Amino acid sequence: MYKKLTHYIEGDVLLAVESAYPERIVNLCSAHGIPFWDVRWTGAISFTMRTTRRGERRLRQAAVQTDAAIRRLQQRGISVLAERLHRRYALLAGLAALALALLASNFFIWDFEVTGNDTVPEEVILRALEQQGVTVGSRGLSVDQEQLRNHLLLELPELSWLAVNVKGCVAHVQVVERQRPPEVVREQEAANVVAGRDGLVTKVEALDGRAEVMRGTTVTRGQLLISGVSDSTGRGVRLVHGMGRVWARTWYELSALVPLQVYEQGAEGDTVTRVALDLGKRRIKLYGKGSVTPADCDKITQYKRCALPGGLRLPVTLVVERWTPHSVLEAERSEKAAQQEGEALLLGRLQALLDEDGSVTETRFAAARQGNWLLVTLKAECLEQIGVSVPLNAP
């Protein structure tokens, strides 16, 4: 690796050598200390080899007395590039301006990376930073960590810690979300357990208080299940915080209207590609007028952030938009397909109504057409915990 880097800095050439006695050329290189490598035979009396630019000059001088024909096929390296740029003042000035622009861009923030957030959206954090003056285009060296942290933690109570580390033109925002303590049960507060909905009791687990129902009892919503008023020897009654779980069979009836007339994608047109550049918050369109996308089309947008070798990001993002127009056709689907969609919709709605311990034990579906709609009805039997704790003084 070291030799390759040295040869690239100094510059190397690829030579084609043709001689009746090719071994003499190799012996000349060894005798005069001329470095060579990557020797490949192209014929009985010809081969190619690589050497340094200085080695080429020494080889031509040493091979004057021989019948060898030496041709240069390729040259590469930093010194070669420098010679090609010689007297190209406009190009050199452009490279110098680019280097200065890249150096100056490192003093500003052009991109954000947020880590550590699970429940707080990234947009909320970035909006709070923008309100404090930390946004795209702001100076990275002017960020006051302590002051910024104090203001943001007051605006975002869901966070317990925040830090903004600016590296180059990227601001790395690290946050730690606050761990909410579990809800504390106030055992000293008297409470009852009542039914959250109608059902047929299948199991009663009274942890504290007195059970008021038994297995097989039909209860209605709001009915007392576990009382917080219990008998006390010598004191009459004792008020406690009734706790426990009451399992019951419950029944649900849900319905949904599913359209039978649907719109399907028809023939596609020619795909249109538009390219733009995002410089910070400003977009430079590299296409003509007409930035409005048609209503009936498939649109795909790709964002590619520009970066230099080594991972240094630039404040430039390449935006490629591809949209394909298509026609829209109105069609009527079968009642079976509409019923399947309605059943899936109702089952999802039923699962959202049940808690994590509830389960569906039996389902029955029915469907009836109403014009261009299909009415799908679900009747389900479930097993769930219906006990809800309420204070004794609650109405």
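Residues are called buried when their relative accessible area is under 20%, exposed when it is over 50%, and partly exposed in between, with a 1.4 Å probe and protein chains only as cover. The structure is a predicted model, in which local features need pLDDT of at least 70 and side-chain atom pairs count only at pLDDT 80 or more, while totals for chains, interfaces and linings use all residues. Residues are numbered from 1 along each chain as its sequence is written, and side-chain values use heavy atoms, with hydrogens and water left out.

An open sheet of five strands runs in the order β11-β9-β15-β22-β21 with antiparallel pairing. Its edge strands, each pairing on one side only, are β11 (218-219) and β21 (359-370). Strands are DSSP runs of E with at least two residues, helices are runs of H or I with at least four, and both are numbered from the N terminus; two strands pair if DSSP finds at least two bridges between them. Two bridges join β11 to strand β9 (residues 199-208) in the antiparallel sense, and G199 has V219 in β11 as its bridge partner. Helix α8 (residues 335-353) lies across β15 (243-259), β21 and β22 (373-385), and runs at about 150 degrees to β15. Such angles run from 0 to 180 degrees between N-to-C directions, with axes fitted to C-alpha atoms, for helices over the stretch in contact; contact means heavy atoms within 4.5 Å.

Side chains of opposite charge can pair when their charged atoms come close. The structure holds 20 salt bridges, each defined as a side-chain nitrogen of Lys or Arg within 4 Å of a carboxyl oxygen of Asp or Glu. Two of them involve strand β15. The side chains of R249 and E381 meet with an N to O distance of 2.8 Å. This pair links distant parts of the chain, as E381 is in strand β22 and R249 in strand β15, 132 residues apart. E381 is buried at a relative accessible area of 14%, whereas R249 is partly exposed at 31%.

R245 forms a salt bridge with D357, and the closest N and O atoms are 4.0 Å apart. Here too distant parts of the chain are linked: R245 is in strand β15 and D357 in the loop between α8 and β21, 112 residues apart. R245 is partly exposed, with 37% relative accessibility, and D357 is partly exposed, with a relative accessible area of 41%.

In another salt bridge, the closest N and O atoms of D38 and R50 are 3.9 Å apart. D38 lies in strand β2 (residues 37-41) and R50 in strand β3 (residues 46-52), so the pair ties together parts that are 12 residues apart in sequence. R50 counts as buried at 8% relative accessibility, while D38 is partly exposed at 34%. Both residues belong to a network of salt bridges that links D12, D38, R40, R50 and R76.

L277 lies in strand β17 (residues 272-279) and is partly exposed, at 25% relative accessibility. Apart from neighbours within four places in sequence, the contacts of L277 are R282, R283, I284, L286, V316, T317 and L318. The C-alpha atoms of L277 and V320 are separated by 8.8 Å, with the two residues 43 residues apart along the chain.
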